[in-house]
Every structure is written in structure tokens, then in C-alpha cells.
Amino acid sequence: MSEPLHCRDDERIGGIQVITRAAKILDALGATPNGMSLGEIAQAVNLPRSTVQRIVGALDSVQLVRSHGVGGVRLGPALLRLIANVHTDVVAIAQPWLQALCDATGETVSLARASGLQLAIVHYVVADRELRVVPRIGMNLPLYSTSGGRALLALDSDEAAKELVGEAYQAITELTVRDFPALLAHLTEIRHTGLAYDRGETLEGISTMAVAIDTILGRFSISLLIPSARFQLNEERNRAEILKCKDALIDEIGKAALRD
């Protein structure tokens, strides 16, 4: 005899509820890497302690959390291995969105990360047109002069930026910032608008705009690399498209937990 339909529906709804609650618990633990007690988790996710204890026990059984030790409950090795594996595929995750940004703007797009005091390009999509910018993988450029580098610096405090890059900088072109107050003016504007600009400060004849993404897999910058002669031509459209790309990638990868 087949199972009544309403019983199957109740089981499905109950299963979804458990998954949702487990996801909330994992999210809370991800924001508190030093661990949480069952009571702290229950308060954070607004669930009874008994419910939290039951779900944590199930997660612990498959190593998604660890529920022993001084710190209480924390993320487990199975989940951390999964995150590490995904980290190696950031380029694969980002590629479709970078291609979409290139197609929408008709300009070259790069994905980069900070490497010490330099901005290191890890992937790019070259525009399909006669006059275009073609970067080099592994090309290292100063954080303080590039739009991508400044977008990343703006994620931290002024003090952290100053400690990292210092107070005086080598002039790469006539337009390069020369001291920290000039850099600070850029960082303040970036935090206000979400966008960074480099108008010929790093490479003559090339202007860029960039955004930074602070994700669970790390911090990266996305830049549009444009010949300066046409930088202002479609600036408003390009600005809207790069912000759309930023939002899509943060949604795809996952936003980083708030840092102290």
C-alpha cells in the first residue's frame, strides 16, 4: 500500500526545515572561527538549545562540525576540506561572470589579488576589438597606483593600508600618487562609491576602473582595462556593469564574515 501523499509532503517540508536550520548553524560558526557553545549557537540562530544540540550532533557525525575541545563547537574538517577544494577553482567560478562583463562592455577584464605590495593578475578576458588592452598573467603592479590594488586596500582601515604600503611611492608615470595623503583621498572615495579608478597612473595610455570582492574564498579585484582615449565614452555603462559583476560574484561565491 502506497504512503499517503500528505505524509510525504510533511517529510519533505520537515527535511527542508532541518537543512535550513543546519545551514544557519554552519553560517553562525563560520562567523566565529574560535568556536561557540551550544547556548551561543541557539541564541545566534534563534532556536531551542535542544534542537541545536540534535542538529550539531548530526553534523558532527559527518565531520561538518567538531563539538569538543576548549572552544566548543566549530567548523569541522570535512567542511574545511570542501572549502579548500573550491578555493582552487576561483577562476573557474569567476570566468562566466568575467566573460559576461567583457561582452557587456567590449573591454578587457582582469581578475587579480594582492601579492605583498603588488597586484598580481591571475586571469583575464581580452576584448574582441582592434584597439584593446592585453595584460600578462603574473604581471605585478603596485597596489598604490592601480585601481584594483586601491580597491583592495580600501577594504581595510587607513592604518592597515599605511602599514602595508608606507608613506612615499615611486612615480611610475607623471600622474602616479606620490604620498600617503594622496592615496588616502583615493581610498576615502572608493569606500564611498565602491569604485576605484586609475587614469594613466600606472601605464601611460591605459585607464582602469575596478571593484573589490571580499569573499569566503579570499579577496580579489575585478578591473576593466580600457585605452584612455575612450575611457570616458561609456563610463556610466561600464560602471553599472562592473558593479553588477561584483554583486553576482559575491552572491555566487559567498561574502566573507565581518572582520574585527
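The chain has nine helices and eight strands, where helices (H or I, at least four residues) and strands (E, at least two) are DSSP runs numbered from the N terminus. The model is a predicted one, in which local features need pLDDT of at least 70 and side-chain atom pairs count only at pLDDT 80 or more, whereas totals for chains, interfaces and linings use all residues. Residues are numbered from 1 along each chain as its sequence is written, and side-chain values use heavy atoms, with hydrogens and water left out. Of the 260 residues in the chain, 41% are buried; here buried means under 20% relative accessible area, exposed over 50%, and partly exposed in between (1.4 Å probe, protein chains only). Among the contacts (heavy atoms within 4.5 Å) between residues at least 6 apart in sequence, 57% join residues at least 24 apart.

The interior was examined in terms of nonpolar cores, a nonpolar core being a set of buried Ala, Val, Leu, Ile, Met, Phe, Trp, Tyr and Cys residues joined through side-chain atoms within 4.5 Å. In soluble globular proteins, nonpolar side chains tend to be buried together. The largest nonpolar core comprises 25 residues, of which Leu98, Ile222, Ile242 and Leu249 touch the most other members. At least two residues of this core are supplied by each of helix H5 (90-105), strand E3 (108-115), strand E7 (206-215), strand E8 (218-227) and helix H9 (235-253). A second, separate core consists of 19 residues, including Ala112, Ala154, Val177 and Ala196. When residues up to four places away in sequence are not counted, leucine 249 touches Ile93, Ala94, Trp97, Leu98, Ile213, Ile222 and Gly254.

Helix packing was described with axes, which are lines fitted to C-alpha atoms, for helices over the stretch in contact, and with angles that run from 0 to 180 degrees between N-to-C directions. Angles under 35 degrees count as roughly parallel, over 145 as roughly antiparallel, 65 to 115 as roughly perpendicular and the rest as oblique. The axes of H5 and H9 come within 10 Å and cross at roughly 165 degrees, and the two helices are therefore roughly antiparallel to each other. H5 passes H9 in a right-handed crossing, a crossing being left-handed if the near helix is turned anticlockwise from the far one by less than a right angle, and right-handed if clockwise. On the H5 side the contact is made by Ile93, Ala94, Trp97, Leu98, Leu101, Ala104 and Thr105, and on the H9 side by Arg237, Asn238, Glu241, Ile242, Cys245, Ala248, Leu249, Glu252 and Ile253.

For helix H7 (residues 158-165) and helix H8 (residues 180-193), the axes come within 11 Å and cross at roughly 135 degrees, so that H7 and H8 are oblique to each other. This crossing of H7 past H8 is right-handed, and the residues in contact are Asp158, Ala161, Lys162 and Val165 of H7 with Phe180, Leu183, Leu184, Leu187 and Arg191 of H8.

Helix H2 (residues 38-45) packs with H3 at an angle of about 110 degrees, the axes being 9 Å apart, and H2 and H3 are therefore roughly perpendicular to each other. Leu38, Gly39, Ile41, Ala42 and Val45 in H2 meet Arg49, Val52, Gln53 and Val56 in H3. Glutamine 53, placed in helix H3 (residues 49-61), is partly exposed, with a relative accessible area of 44%, and its C-alpha lies 6.6 Å from that of leucine 38, 15 residues apart in sequence. In the loop between H2 and H3 lies asparagine 46, which has a positive phi of about 60 degrees although it is not a glycine and counts as exposed at 70% relative accessibility.

Two further buried positions illustrate contacts across the sequence. Threonine 108, in strand E3, is buried with a relative accessible area of 0%, and its side chain reaches the backbone oxygen of valine 133 at 2.6 Å. Leucine 143 lies in the loop between strand E5 (140-142) and helix H6 (147-153) and is buried, with a relative accessible area of 1%. The C-alpha atoms of leucine 143 and glutamine 118, 25 residues apart along the chain, are separated by 5.2 Å.

Notes:
Polar contact = N/O pair within 3.5 Å; in protein donor to acceptor, adjacent residues only side chain to side chain.
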